[in-house]
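Me: I would like to learn how to read this structure, feature by feature. Where do we begin?

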Amino acid sequence: MAGSTRTPTLADVADAAGVSLSTASLAFSGNKPVAAATRDRVLSAAASLGYAGPNPLARNLRQGRSGVVGVAVGPLSAAFRDPAALPLFDAMSEVLGSAGQGLLLMGDEEAHARLPLDAVIFDICGRETWAPHADLVAREVPLVVIEGPSWPGTTYVDIEHRTGAAALASHLHDLGHRHVATLTLEGSHPQREREAGLRDVFPDATVVGACASDLAAAQEVVGAWLATGPDATALVCQSDVQAAGAVLEARRRGLTVPGDLSIAGFDGVATPWLDLELTTVVQPIAAKGRAAARAALARAAGEPADNVLLPVELRVGGSTGPAPASYADTHPSGG
């Protein structure tokens, strides 16, 4: 190939090494034993020709695989504002990478459904619909869902939402709270389960309103609620980001946390906006990511993958305390 600008191929390497094309391929793949001397001869020939190795995408496609698992996250700007996102993606990447698989973050575009993917992990908490879903099902792309929705033919990775919420509610009840409110997420599987757990202990819990896991949105909703002069002595939020927003807004209105109002969250993530540790339900974020990735690998290989339910744990911090006198009595104007 002297003087040629043509990209060398595996056939060229086999020729230069004096072996068959199949032997050269095996020397690179390592799928079957090749004599060490033969392998060294093939690799030496490849180096002299400037041949980097077989195209992994082409090999995967010949095997009916792309080597890529998609992760549906919706708008990336929203996904990366979630403190739970990075440890989740890190855990997925760890498992997928060790299996030689790539990870592709997917938005809402229907065109994503036509990408060559071995499996897709759906991780948009609170979403019951997703534009690429129907096309993926039609193409029989295996789907793993984290925390809902309930789509047929999928493998689920979930956490004990209701158990965790009930443990948190029991903690507040033990502190003497009897009037409790909750800041919800948009209607979703996690929200329904967590609200059910709260109502296992406080059947008459008040719903403040719904907002995303967003600091500013939580401040706005909680501010409007506090302005009504509610009688609740504790506020249960559906994420730690919501809870952080609630603490900031309560303080802005002159309330002490937990003196005037106890506030709790859910997730167990870092809250750098606060100078106190939240009382929260800690979910196993990394374990959830690893379980989803392992299920995706199994489904992509045509193997069964059981649903997974992971435990959670109550962590008591400085944002909850004994119930004070009725908020309505002590702050009739709402602060």
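Reply: Begin with the surface. The accessible surface of the protein comes to about 15,300 Å², and carbon and sulfur atoms hold 53% of it. Accessible areas come from the Shrake-Rupley method with a 1.4 Å probe; for residues, only the protein chains shown count as cover. This is a predicted model: local features need pLDDT of at least 70, side-chain atom pairs count only at pLDDT 80 or more, and totals for chains, interfaces and linings use all residues. Residues are numbered from 1 along each chain as its sequence is written, and side-chain values use heavy atoms, with hydrogens and water left out.

Me: What percentage of the 335 residues count as buried?

Reply: Buried means under 20% relative accessible area, exposed over 50%, partly exposed in between (1.4 Å probe, protein chains only). Here 47% of the 335 residues are buried.

Me: How many helices and strands does the protein have?

Reply: Helices (H or I, at least four residues) and strands (E, at least two) are DSSP runs, numbered from the N terminus. The protein has 13 helices and 12 strands.

Me: What is the strand order in the open sheet of 6 strands?

Reply: Strands of a sheet pair through backbone hydrogen bonds, either parallel or antiparallel. Two strands count as paired if DSSP finds at least two bridges between them. In this open sheet the order is β2-β1-β3-β4-β5-β11, with parallel pairing. β2 (102-106) and β11 are the edges; each has a single partner strand, so one side of each is left without a neighbour in the sheet. From one strand to the next, the twist averages 20 degrees. Val68 stands opposite Gly102 in β2.

Me: Which strands does α6 lie across?

Reply: α6 lies across β1, β2, β3 and β4, and runs at about 145 degrees to β2. Axes are lines fitted to C-alpha atoms, for helices over the stretch in contact, and angles run from 0 to 180 degrees between N-to-C directions. Contact means heavy atoms within 4.5 Å.

Me: Which residues have the most contacts inside the largest nonpolar core?

Reply: A nonpolar core is a set of buried Ala, Val, Leu, Ile, Met, Phe, Trp, Tyr and Cys residues joined through side-chain atoms within 4.5 Å. The largest one has 42 residues, and Met92 and Ile121 have the most contacts inside it. Its largest share, 9 residues, comes from α12. Beyond four places in sequence, Ile121 touches residues including Val69, Met92, Val144 and Ala292. Apart from this core lies another, of 25 residues, among them Val222, Ala232, Leu255 and Val257.

Me: Is Glu249 buried or exposed?

Reply: Glu249 is in helix α11 (residues 240-252). Its relative accessibility is 5%, so Glu249 counts as buried. Leaving out residues up to four places away in sequence, Glu249 touches Gln219, Val222, Gly223 and Leu226.
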